[in-house]
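Hi,

Here is the structure I promised to hand over. Have a look, and then read on for what turned up.

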Amino acid sequence: MQDLLRRYGATLTGTFVLLVAFWLLALVILPNVTLFEASFRPYLPVVDVGGPKDTYSFDNYRKFLNNPVDTSFLGISFQLPIHTITFLNTVLFSALVTFITFVMSYPLAYYLAKIVNPRALPTLVLLLFVPLWVSEALRAFAWYIILTFNGPLNAALVGMGLLDAPVRWQNGVFTAYDAIVIGLVYTYVLFMLFPIYGSIQSLDTNQIEASEDLGAKWWQTHWRVILPHAKPGIASGCVMVFMLSAGSLLVPSVLPSTKSNWFTQTIQVWMLESQDWNTGAAYSFLYILLCTVVVTLVMWAFKVKLSDIAK
Amino acid sequence: MSAEIDLDDVCCDFGSFRAVDHVSVKIRPGEFFSFLGPSGCGKTTILRMISGFTEPSSGVIRIGGKDVRGQRPNQRPTALIFQNLALFPLMPVWENIAFGLEVRGVDKATRRARAEELLRLVDLPGAADKMASQLSGGQRQRVAIARALAVEPAVMLLDEPLSALDLKLRQHMRAELRSIQKRTGVTFIYITHDQGEALAMSDRVGVMSQGRLQQVADPREIYNNPANGFVASFVGEMNILTGDVGATADGFASYATPHGTFRARLAPGAAKGPVKLYIRPEHVVLTPDAGGENAVSVTVGDVAFEGNFISVSATTDSGKHFVAELRNDGSATVPDPGSRQFMRFDAARAAILPDETGTA
Ligand SMILES: Nc1ncnc2c1ncn2[C@@H]1O[C@H](COP(=O)(O)OP(=O)(O)OP(=O)(O)O)[C@@H](O)[C@H]1O
Ligand SMILES: [Mg+2]
């Protein structure tokens, strides 16, 4: 602070501090506090707001457990609330997206960090960034076009004789979420790549060579030396991709199948279609809470500490 | 276990730059062999070629008689100790040491026992469960040696492993390394740019300059009979005089310089190419009386007390500086600064040497 004052003078420093305070308070804290408060109140016609019916309760949160429907998992049938199913699907497929981006990123990150000629690196990184110049919406629509029934993917596969007839990719070949998973992987893969790249890059190459010199096969070197060192990068990449995927609204909306439902879409329905901001807010906070629990559990299972990620 | 290493006319090019230039040397089984040379002369490159991280551009490398070209480092019977040791920081000491056994599928109990045994060998018992980062420099050194010994290599390759240690510890570790080598009988190839280290530890030394091997000999020979001017001035101190070779007889020659004409040994093969006269400071004697061979009158300059010897600088009337080292055992009288003296040296102790050997 002293330093800032000395460098920029009182007026400029004051202005910036005020602007930051305004941004934090008015644009971040206040809206969230308002929504948080609203999430405990019922959705009422305007005349009743502030009246006797306007009391605090957990009713909005409880709706998460309403409307049980029949479902089955691994051949066992049971009943689950419909929104819980959506939540579980979202977490499951976000985890799948995270896993796929990891499997794709790790070899590439290793290649970029340790194998590629340092002079070629800027070009390669630039090439990786090119897709980011296009907006997320356009990228999602591009995949929509690629996967569509009369689209290039079907044309190419049928043309090469790999498929007898075009496939309805959007409806899902393996699950109802195929297209969403593809779209999310494409959108968020770099958020996995760069943290892993950073952590592998910080590994002393002599350690890799020492491992090989002591007789380790390439996979043993990865398993015992490189992966443990890259763990913090992998963890932060996973947390980022998982949270971004679970929080994505655009990709699930552009690339849905008839049976897919992302939890963000459920929140959107509450807020925009039902105009019930109170329940929407309740779902949002519940969602953040549950996702945090999931991330914490996974981190605990893999023995990752929060301080590792902050590295 | 130990093996002979045979470098047969080995070259290594990086682009148009030749880092190792026609090096041929046979390193005997069980030998402690040092490569000595200034920074950037290609020492590390030679080690990396023996261990398999770099392939020679031409020439053959044989380990125990077998051509190892094309073998990966994990297939060669070598163990490299890196310049920075490269211990695995996320593993405890014993896992570091047992790493080579682990990747060979040895079971955990055996690994642990072997690690403990090696820790005793390198005189570090009780450190098994510490992390490598908790150890001091000298201790990490020992762990690196134990880790390399664990795979029972036929050859140990050490890349300036002591350069990061302070002087006292370095001297201690020199003796330690030497005794470990004697106990295990493994061939050690040691790299250093510290001539004292190379002379003190090695059975034989190979002196390198700019990718070329200048001389391979035992330490005494290297010091007393350097093959050329590079070896002479890199290993120890030298007074150097430039001039012309005159009459030669019985391996001695007269050598005319602007500071006088001297007589000295003429190295074989020194007749062709440029030569210089080299005299070690400890072979220079300062006396008040004139007369005798190779004597020239000088004015004494600085007298520096170095502990075990006294370094005296003296200047001839023609302006050439000489350094003389007098032993601090009371046998020599220390001249006063500014006094007139005669500097003399024994013709058998001075040598006329070619500057540098070309491609051997
Ligand atoms: N991978 C490489 N690519 C290009 N040049 C290299 C490479 N490795 C080494 N060199 C060059 O080869 C020469 C010899 O290098 P080397 O590492 O063998 O030297 P060194 O004798 O071990 O030196 P130091 O005592 O400083 O470790 C140096 O000039 C170096 O710049
Ligand atoms: Mg080196």
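Cys12(B) is buried, at 1% relative accessibility, and so is Cys41(B), at 2% (buried means under 20% relative accessible area with a 1.4 Å probe, protein chains only).

Before the rest, some housekeeping: this is a predicted model, where local features need pLDDT of at least 70 and side-chain atom pairs pLDDT 80 or more, while totals for chains, interfaces and linings use all residues. Residues are numbered from 1 along each chain, chains are lettered from A and ligands numbered from 1 as written, and side-chain values use heavy atoms, without hydrogens and water.

Now the largest pocket, with about 1,200 Å³ of space (on a 1 Å grid over the protein atoms alone, a pocket is an open set of points with protein on both sides within 12 Å along at least five of seven lines, and lining residues have an atom within 4 Å of a point; the volume is the space filled by probe spheres set on the points). It has 36 lining residues, and Lys231(A), Ile234(A), Ala235(A), Phe302(A) and Val304(A) are the closest to its centre. Helix 9 of chain A gives the most to this lining, 14 residues (helices are DSSP runs of H or I, at least four residues, numbered from the N terminus).

Cheers

Technical notes. Buried means under 20% relative accessible area, exposed over 50%, partly exposed in between (1.4 Å probe, protein chains only). On a 1 Å grid over the protein atoms alone, a cavity is a set of points where a 1.4 Å probe fits but cannot get out, and a pocket is an open set with protein on both sides within 12 Å along at least five of seven lines; lining residues have an atom within 4 Å of a point. Helices (H or I, at least four residues) and strands (E, at least two) are DSSP runs, numbered from the N terminus.
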